[in-house]
Amino acid sequence: MAVEELKEVTVGILALQGAFVEHEKALQRLRLQRRISVLQVRTCEELDLCDALIIPGGESTTIALLARLEGLLEPLRDFRTRKPVWGTCAGAILLSQAVENTKKGGQEVLGGMSITIARNGWGSQVESFEARLQVEGLRDSDEPFTGVFIRAPVVLKIDPSPTDPPVQVVARLPPGLLPPSLASDDPADPKAMVALRQGLHLLTTFHPELTADDRFHEYFVRECVLKASPLKA
């Protein structure tokens with residue numbers, strides 16, 4: 001066995017609220033050259049053990065409130081300046097630099113992605129849907145990935161500063177899926193963008209963890225985590 005195969009990288013999942021167990025199971029199913037240790041994160045001590053972090057779907061305001069109560073909000077903000085973070089749905093909101101359509105009192109964010117996003121941009125639970133997405137960079141990229149959108153946020157604006165890494169569009173909705181209230185004739189309209197990458201951070205407005213398809217988890221580990229994590233002794 002190669003030496004590299006003996007090295008381990010730790011991916012944490014913020015486990016305060018939301019679909020963190022589903023992310024854990026998806027990561028545990030991966031078979032990669034580097035061994036992946038998965039850790040549910042609820043404390044600063046657990047966060048310190050992680051090489052990367054996933055912030056799951058759930059309720060973004062609740063996750064932010066619980067993080068503040070646990071003394072995790074500032075450590076999370078520091079973590080995302082140094083290590084890869086992937087936010088799904090509610091996690092995508094928390095990774096954004098600005099949020100619209102917030103609850104009364106606003107929305108605390110971690111930042112990390114140079115975008116403005118709208119909470120519940122698609123509307124209520126009854127507007128939930130699935131879409132087959134073409135995603136370049138996934139294993140077997142010719143095979144569409146089924147995106148599960150539940151009260152999904154919508155990207156409104158991409159606005160990196162000159163010193164920020166560029167924002168890469170990883171996946172868009174197929175034409176015709178945007179409702180009339182969101183649709184436009186602009187082919188570059190950010191509202192159709194549902195997966196973005198900036199530097200070592202990844203954002204998806206849908207829930208890859210709610211499918212049996214683990215290719216997005218593999219993509220995050222391969223393209224973001226392992227490229228940031230030096231081999232450990």
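1. Start with the aromatic rings. Ring pairs join W86, F129, F145, F149, F206, F216, Y219 and F220 into a cluster. Keep in mind as you look that this is a predicted model. In total, the structure holds 8 aromatic pairs.

2. Take one of those pairs, F145 and F206. Their ring centres are 6.2 Å apart and the planes sit at 50°, so we call the pair tilted. The two residues come from distant parts of the chain: F145 belongs to strand β8 (residues 145–149), while F206 is in the loop between β12 (201–204) and α6 (215–228), 61 residues apart.

3. Now look at F206 again, this time with F149. These ring centres are 5.3 Å apart with planes at 45°, so this pair is tilted too. F149 is in strand β8 and F206 in the loop between β12 and α6, so the pair ties together parts 57 residues apart in sequence.

4. F206 is buried at 0%, and F149 is buried at 1%.

5. Next, have a look at helix α1 (residues 20–29). Here F20, H23, E24, A26 and L27 are buried. Viewed down the axis of α1, the buried residues fall within an arc of 165°, so they line one face of the helix. What covers them? The cover includes strands β1 (8–14), β2 (35–41), β3 (52–55) and β4 (85–88), along with helix α6.

6. On to the sheet. It is an open one made of 7 strands, in the order β2-β1-β3-β4-β12-β11-β10, and its pairing is mixed. Which strands stand at the edges? Those are β2 and β10 (167–172); each has a single partner strand, so one side of each has no neighbour in the sheet. On average, and ignoring direction, neighbouring strands of this sheet are turned by 15° against each other.

7. Strand β11 (residues 193–198) and β12 run antiparallel, and 4 bridges join them.

8. Helix α4 (residues 73–82) does, touching β1, β3, β4 and β12. The direction of α4 makes about 120° with that of β3.

Notes:
Residues numbered from 1 in each chain as written. Predicted model: local features only at pLDDT ≥ 70, side-chain atom pairs only at ≥ 80, totals over all residues. Heavy atoms only, no water. Phe/Tyr/Trp six-rings, centres within 6.5 Å; stacked < 30°, edge-to-face > 60°. Buried < 20%, exposed > 50% of the residue type's maximum accessible area, 1.4 Å probe, protein only. Arc of directions from axis to C-beta. Contact = heavy atoms within 4.5 Å. Pairing = 2+ DSSP bridges. Axes fitted to C-alpha atoms, helices over the stretch in contact; angles between N-to-C directions.
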